Amino acid sequence: MSTARRACLMLLCLLPLMAQAKSAEKAEEGGPDFEYIEMQPAFVVNFGTSGRIGYLKTEVSLRVAAEAVAAVELHMPALRHELIMLLSGQSAEALAAPEQREALRLAALEAVRRVIATAAGDAAPAQSGVTDLLFTAFILQR
């Protein structure tokens, strides 16, 4: 085996150790105690019940406490279902103004917290570990 190949193999073997050391170093420095989780794929739903039906495409990211990441990932199908039902139940007027979209964002955050809390058997949705919900894209077509 050539020297270059041996060096590459040694480097590949050391990469996981270096990454682990880097994450431990970051934890010691007081790195963030949360993660952002993108809900993939983007949500595409139709909305409106009277007249012309519109379409909404939105991308959602959750800000989650580090200790709750596993629970959120475990219950992702239930979270997606809850958000699809919430988004598709909106009227065109409810999505028109920024204030109404902010109200929808807060309702979606509460729905996500409720799903996680129910799955964990907690009575307090605020203790779910989900600290925020962000619409990273919000596109309407009427």
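I started at R105, which counts as buried at 14% relative accessibility. I take buried as under 20% relative accessible area, exposed as over 50% and partly exposed as in between, with a 1.4 Å probe and protein chains only. The model is a predicted one, so I note its limits: local features need pLDDT of at least 70, side-chain atom pairs count only at pLDDT 80 or more, and totals for chains, interfaces and linings use all residues. Residues are numbered from 1 along each chain as its sequence is written, and side-chain values use heavy atoms, with hydrogens and water left out.

**R105 and helix α4**

I placed R105 in helix α4. Helices (H or I, at least four residues) and strands (E, at least two) are DSSP runs, numbered from the N terminus. Which side chain does the side chain of R105 meet in a polar contact? I found that of D132, at 2.6 Å. A polar contact here is a pair of N or O atoms within 3.5 Å; within protein, one must be able to donate a hydrogen and the other to accept it, and residues adjacent in sequence count only if both atoms are side-chain atoms. Setting aside neighbours within four places in sequence, I listed D132, L133 and F135 as the contacts of R105. Contact means heavy atoms within 4.5 Å.

I then took α4 as a whole. It has 23 residues and reaches 33 Å from its first C-alpha to its last, close to the 33 Å expected at 1.5 Å a residue. The expected span is 1.5 Å times one less than the number of residues. The buried residues of α4 are L104, R105, A108, L109, A111, V112, R113, V115, I116 and A117. I recalled that an α-helix has 3.6 residues a turn, so residues three or four places apart point the same way. The buried residues of α4 pack against β2, α2, α3 and β3. After α4 comes G121, with a positive phi near 80 degrees.

**Fold and sheet**

I counted 4 helices and 3 strands in the protein, in the order α-β-β-α-α-α-β from the N terminus. Strand β1 (34-47) pairs with β2 (residues 54-65) in the antiparallel sense over 11 bridges. Two strands pair if DSSP finds at least two bridges between them. In that pairing I noted N46 opposite Y55. β2 is also joined to β3 (residues 130-141), antiparallel, by 10 bridges, and there L62 stands opposite L133.

I checked the peptide bonds too: Q40 and P41 are joined by a cis bond, omega about 0 degrees, and P41 is found in strand β1. For reference, most residues other than glycine have a negative phi, and most peptide bonds are trans.

T58 is in strand β2. Is T58 buried or exposed? I read a relative accessible area of 0%, so T58 is buried. Its side chain reaches the backbone oxygen of A137 at 2.6 Å. Beyond four places in sequence, T58 touches A42, F43, L87, F135, A137 and F138.

S61 is also in β2, and I logged it as buried because its relative accessible area is 8%. S61 and L134 are 73 residues apart in sequence and 5.2 Å apart in space, C-alpha to C-alpha. The residues that S61 touches, again beyond four places, are I37, E38, D132, L133, L134 and T136.

**Core**

I looked up the largest nonpolar core and found 26 residues, of which L62, V72 and L79 touch the most other members. β1, β2, α2 (69-74), α3 (76-88), α4 (98-120) and β3 each give two or more residues to this core. α4 gives the most, with 6 residues. A nonpolar core is a set of buried Ala, Val, Leu, Ile, Met, Phe, Trp, Tyr and Cys residues joined through side-chain atoms within 4.5 Å. For V72 I listed I37, L62, V64, L79, I116 and V130, leaving out residues up to four places away.

**Last checks**

I found P32 in the loop between α1 (3-28) and β1. P32 is exposed, at 53% relative accessible area. P32 and A66 lie 34 residues apart in sequence and 8.4 Å apart in space, C-alpha to C-alpha.

For the whole protein I noted that buried residues make up 27% of the 142 residues. Among contacts with a separation of 6 or more, 67% are between residues 24 or more positions apart.
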